[in-house]
Amino acid sequence: MSEKREVKPETVGIGRRRFINTAALAGLTVGVAACNDKPANAPAAAASGPVAAPAAAHSGGANATHLKPGELDTYYGLWSGGHNGDVRVLGLPSGRELLRIPCFVPDALVGWGITNESKAVMGTKADGSLRYTVADTHHLHGSYKDGNYDGRYAWVNDKINSRIARIRLDYFICDKITELPNVQGFHGIFPDKRDPVDPAINYTTRVFCGAEFAIPLPNDGKDVNAPEKYRSMFSCVDAETMEMRWQVLIDGNCDLTATSYDGKLAATNQYNVENGVHYEDMMSAERDACLFFNIARIEEAVKAGKFKTVGSSKVPVVDGTREANKDPKTALTAYVSVPKNPHGVNASPDQKYFICAGKLSPTATVIELAKVLDWFDGKMEKVDGAIVAEVEIGLGPLHTAFDGRGNAYTTLFLDSQVVKWNVEAAIKFHAGDKNAKYVVDRLDVHYQPGHINATHSETVAADGKYLAVGCKFSKDRFLPVGPFHPENEQLIDISGDKMVLMADHPVRGEPHDFIIFKRDIVKPKQVYDLNEFPLAVKDAKESGVFRNGKKVTVKLTSQAPAFSLREFTVKKGDEVTLILTNLDKIEDLTHGFAVPKYNIQFVINPLETKSVTFIADKPGVFWAYCSTFCHALHLEMRTRMIVEA
Ligand SMILES: [Cu+2]
């Protein structure tokens, strides 16, 4: 096929952002389609003057990530932002950061944590101030339908304060946050891919959450010196309501989380089966575990009332400890042993295996899910019989991605490498065929890689195109900027037999996990719907100051380049709630609202409504102005807030 990417004439004149979706819907994904059948490891098309073929953007090599001005990426990446507490949206293969979605912590750009609506999502104390202002997002996963991403939601964890946030992928905003009761160090997270029982529900309805740190239950200060009583729990959150469904009390801890494609199993890796509270104690056992949860049985037990509650929480807690789950026929959980302090657990896109990375062991363990179900059905005596391979792959294996062609790609933290290995060959080798060569390729990365993910890797649509690697250390890869280095997200072409390093991307610390999907998975809306906001000021004529004792409501609208009120007056000591609706409905016509000395700033997108509540405690004149450039008369766009003494 032609290397040249054609832009058809009918796309000229329609907005570029709409073009993405139009193109996708019409099957006009020229760039992607054009290179699926490119030979493996073909060198990038050399730049040949001003019309250098942008198709090179999809075929690896050094030029591949440079898009021409105005050219759009073919994939979205959703990245966790670590202790920035946010989610980042990247375009790939360019690696350009397009958006940061605030969720757990305040964001000064958009006014997250300032407006009443965002504070309601984030959670407040009795006095109206934010309950938390720090967070640590690690793992991010999208909602599924028919085994692939459906573009509805993404979820991300907050390790510090045990919260889960949901991102709506129509507006790319956080709409709900839930705090998990009675757990600490909430780390791994994974949505289910379908219901374990009801075949009609072939989409995500639950999100599973693993808690890394064991704590006294309840954690009320009584059992602090009795480590043997410390426990961890595995939690299930309803994907739609974001309410807690249930928790499972377990032995050991939870780390990363994975779910099966049939909805029947979820699992978490355990690096501390010892239940140690001191560093040394956590590494004494030679084998830890991958702990499987039988979802249907857990929910039956909850329904049958076989649960307790902990502390003031009303969430049902079922018993998933080893002692209570010895009989496979009734067991809710199964502890499959894996070597010393494993880390990532990842579901292969052929739907058959979970792969556990060894971390302190140079191995990957392949667990066959059908055999785990056999154990639950009483057809297999020892649950470790589900281990179909345990092979050496290199030092410090952490996380695994897939290409949909039977190959796994595992990060080797200590070796600073990605190792590509073939899962079926590893199974053959483990079964005794010493001629089976399971390691296919190795690639140096820079440096100390942690998370790894490939395009649609943990879906049935894994396409084996790009692999992104989150390198925790960048060392000498970028201009020095003092002691605090950026991290290095590297992009690798995996369409051929050999991995090809394409690009380094410096990123502000500290992303962890991420997912990458084709751009046609989501259909982002450019303009809000007035009806989504109960407080919307739908007509400029509704503007005004409405007093009820000392409580004052100021309603106003924005339409470039003016606010509906040229001025408004309140009295010192009033509790003012200001409601602003942006009546501009043109794509990209966002305004801002900033009030000097009152610590108020937020942006207001087309047809969006936001509100803020504050005490007018400082008398004087305050020019509230539009903070987001909107018009040639943007500087004139202001309103005079008069606070009478
Ligand atoms: Cu404006």
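The legends below describe close-up views of a predicted model, with residues numbered from 1 along each chain as its sequence is written. Local features need pLDDT of at least 70 and side-chain atom pairs count only at pLDDT 80 or more, while totals for chains, interfaces and linings use all residues, and side-chain values use heavy atoms, with hydrogens and water left out.

**View A. The copper site.** The copper ion is coordinated by H591 through ND1, by C626 and C630 through SG, and by M637 through SD, at 2.1 to 2.6 Å; donors are N, O and S atoms within 2.8 Å of the metal (3.2 Å for Na, K and Ca), and as water is not among the atoms, sites may look incomplete. The four donor atoms subtend angles of 92 to 128 degrees around the ion, which makes the arrangement tetrahedral, a term that for four donors requires all angles to lie between 85 and 135 degrees. H591 lies in strand β35 (residues 591-595), whereas C626 lies in the loop between β38 (620-625) and β39 (638-644), so this pair ties together parts that are 35 residues apart in sequence. Strands here are DSSP runs of E with at least two residues, and helices are runs of H or I with at least four, both numbered from the N terminus. H591 is buried, with a relative accessible area of 0%, and C626 also counts as buried, at 2%; buried means under 20% relative accessible area, exposed over 50%, and partly exposed in between (1.4 Å probe, protein chains only).

**View B. An open sheet of five strands.** The strands of this sheet follow the order β8-β9-β10-β11-β15, with mixed pairing, where two strands pair if DSSP finds at least two bridges between them. Its edge strands, β8 (184-191) and β15 (317-319), each pair on one side only. Within the sheet, β10 (residues 232-238) and β11 (residues 244-250) run antiparallel and are joined by six bridges, and V237 stands opposite M244 in β11.

**View C. Helix α4 and its cover.** Helix α4 (residues 295-303) lies across β9 (206-213), β11 and β15, and runs at about 105 degrees to β11; axes are lines fitted to C-alpha atoms, for helices over the stretch in contact, and angles run from 0 to 180 degrees between N-to-C directions. Seven of the nine residues of α4 are buried, so the helix is largely enclosed by the rest of the structure. Its buried residues are covered by elements including β13, β14 and α5 (369-376), with contact meaning heavy atoms within 4.5 Å. After α4 comes G305, whose phi is positive, near 80 degrees.

**View D. Strand β14 and its partners.** Seven of the eight residues of β14 (residues 287-294) are buried, so this strand is largely enclosed by the rest of the structure. Strand β13 (residues 265-270) is joined to β14 by six bridges in an antiparallel arrangement, and N294 in β14 is the bridge partner of L265. With strand β16 (residues 333-339), β14 pairs in the antiparallel sense over seven bridges, and C290 has V336 in β16 as its bridge partner.

View E. Strand β1 (residues 75-80) is mostly covered, since six of its six residues are buried. β1 pairs with β29 (residues 514-518) in the antiparallel sense over five bridges, and the partner of Y76 in β29 is F517. β1 and β2 form a hairpin with five residues between them, and G82 in the turn has a positive phi of about 60 degrees.

Methods. Four donors count as tetrahedral if all angles lie between 85 and 135 degrees; four count as square planar and six as octahedral if opposite donors are over 155 degrees apart and all others between 65 and 115; anything else is irregular.
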